[in-house]
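Visitor: I would like to learn how to read a model like this one. Could you take me through it, feature by feature?

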Amino acid sequence: MAHNTFFLTVLFLLCNVAVVLTDSNVSCYRIEPGTIAGIICADVLLTLVIVIVTYRCASFRRRKIDNADKVYMNVRANCKS
């Protein structure tokens, strides 16, 4: 119970600090909505490129390992004859 009281007290104090900070005359840099949309679109595009490149590299590596196993199995089959 004491832990919850401490948590609520800290939360209350942080909310009050937020209110006090918003009342002050701080000059903030304004970012236009188009700029934010461009940043989000670029982030999504970059994430997709990273995912596609990673998938392609992993597929190529898996294919290479599978092909190496097939060659090894063929060599063993030829040696038994």
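Visitor: What does the accessible surface of the protein come to, and what percentage of it belongs to carbon and sulfur atoms?
Guide: This is a predicted model. Its accessible surface is about 8,000 Å², with 70% belonging to carbon and sulfur atoms.

Visitor: How many of the residues are buried, as a percentage?
Guide: Buried means under 20% relative accessible area. Here 1% of the 81 residues qualify.

Visitor: How many helices and strands are there?
Guide: The protein has 2 helices and 0 strands. Helix H2 covers residues 33–80 and includes isoleucine 40.

Visitor: Which residues form a nonpolar patch on the surface?
Guide: Ile40 belongs to one, together with Tyr29, Ile31, Ile36, Val44, Leu48 and Ile52. Their accessible area together is about 740 Å².

Visitor: How many disulfides does the count give?
Guide: A disulfide covalently bonds the sulfur atoms of two cysteines. The count here is 0.

Visitor: Why is cysteine 41 classed as exposed, and cysteine 57 as partly exposed?
Guide: Exposed means over 50%. Cysteine 41 counts as exposed because its relative accessibility is 54%. Cysteine 57 has 49%, so it is partly exposed.

Terms used:
Residues are numbered from 1 along each chain as its sequence is written. This is a predicted model: local features need pLDDT of at least 70, side-chain atom pairs count only at pLDDT 80 or more; totals for chains, interfaces and linings use all residues. Side-chain values use heavy atoms; hydrogens and water are left out. A disulfide is a pair of cysteine sulfur atoms within 2.5 Å. Buried means under 20% relative accessible area, exposed over 50%, partly exposed in between (1.4 Å probe, protein chains only). Helices (H or I, at least four residues) and strands (E, at least two) are DSSP runs, numbered from the N terminus. Accessible areas come from the Shrake-Rupley method with a 1.4 Å probe; for residues, only the protein chains shown count as cover. Patches are made of residues with over 30% relative accessible area and no salt bridge: like charges are joined within 9 Å, nonpolar side chains (Val, Leu, Ile, Met, Phe, Trp, Tyr) within 5 Å. A salt bridge is a side-chain nitrogen of Lys or Arg within 4 Å of a carboxyl oxygen of Asp or Glu.
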